[in-house]
Amino acid sequence: MRERDKNLRIGDAERETAITLLGDHLSSGRLDLVEYDERCARAAAARSKADLRALFTDLPSTDAAPGGTWSPDKAPARPRPRTEILLGLGGAALLLALVAVTRDLWLLAFLGVFVIAWALRRR
């Protein structure tokens with residue numbers, strides 16, 4: 001790995017993923033509670049990829065990192081909250097109800113735009 005990549009700053013998503021994976025190692029018995037707490041504190045304070053990688057050097061890879069040790073580059077995407085999905089479906093249902101009540105079929109164009117925008121946002 002290049003020196004520049006090691007010093008790239010990380011965000012909250014990478015820190016949260018690291019803490020989640022440390023929890024997996026705790027539940028597997030690879031870490032005790034004191035070591036888990038220490039590593040979580042270091043993960044919360046981490047500023048670069050190298051800081052997070054140092055937390056996993058003595059641990060085996062997990063499902064989130066097939067074929068090697070964990071790194072922030074291999075971190076899984078955070079799942080969308082259920083409320084976001086429900087809001088999207090609610091918006092589509094509201095547009096369909098508006099079309100049914102007003103019988104203006106041109107409103108279906110808004111439904112198409114809404115569905116496309118919602119699908120692209122979910123990616």
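**Figure 1. The salt bridge between Arg39 and Asp58.** In this predicted model, the side chains of Arg39 and Asp58 meet in a salt bridge with an N to O distance of 2.9 Å; a salt bridge is a side-chain nitrogen of Lys or Arg within 4 Å of a carboxyl oxygen of Asp or Glu. The pair links distant parts of the chain, 19 residues apart: Arg39 belongs to helix α3, and Asp58 to the loop between α4 (49-53) and α5 (82-102). Helices (H or I, at least four residues) and strands (E, at least two) are DSSP runs, numbered from the N terminus. Arg39 is buried, with a relative accessible area of 7%, whereas Asp58 counts as exposed at 52% relative accessibility. Here buried means under 20% relative accessible area, exposed over 50%, and partly exposed in between (1.4 Å probe, protein chains only).

**Figure 2. The salt bridge between Glu35 and Arg39.** The side chains of Glu35 and Arg39 form a salt bridge of 2.8 Å, N to O. Because Glu35 and Arg39 are four residues apart in helix α3 (residues 33-45), about one helical turn separates them. Glu35 is partly exposed, with a relative accessible area of 27%. Salt bridges that share partners join Glu35, Arg39 and Asp58 into one network.

**Figure 3. The salt bridge between Asp12 and Arg15.** A salt bridge joins the side chains of Asp12 and Arg15, at 3.0 Å from N to O. Asp12 and Arg15 are three residues apart in helix α2, so they are separated by about one helical turn. Asp12 is exposed, with a relative accessible area of 53%, whereas Arg15 counts as buried at 16% relative accessibility. The structure holds three salt bridges.

**Figure 4. The surroundings of Arg15.** Arg15 lies in helix α2. Not counting residues up to four places away in sequence, Arg15 touches Ile10, Ala43, Ala44, Ala46, Arg47 and Leu52. Such a contact means heavy atoms within 4.5 Å.

**Figure 5. Thr17 and Ala43.** Thr17 has its place in helix α2 (residues 12-27). With 10% relative accessibility, Thr17 counts as buried. Thr17 and Ala43 are 26 residues apart in sequence, and their C-alpha atoms are 9.5 Å apart in space.

**Figure 6. The protein around the close-up views.** The secondary structure comprises six helices and zero strands, and from the N terminus on the elements run α-α-α-α-α-α. Of the 123 residues of the protein, 28% count as buried. Among contacts between residues at least 6 apart in sequence, 55% join residues at least 24 apart. The protein exposes about 8,500 Å², of which carbon and sulfur atoms supply 59%. Accessible areas come from the Shrake-Rupley method with a 1.4 Å probe; for residues, only the protein chains shown count as cover.

**Notes to all figures.** Residues are numbered from 1 along each chain as its sequence is written, and side-chain values use heavy atoms, with hydrogens and water left out. As this is a predicted model, local features need pLDDT of at least 70 and side-chain atom pairs count only at pLDDT 80 or more, while totals for chains, interfaces and linings use all residues.
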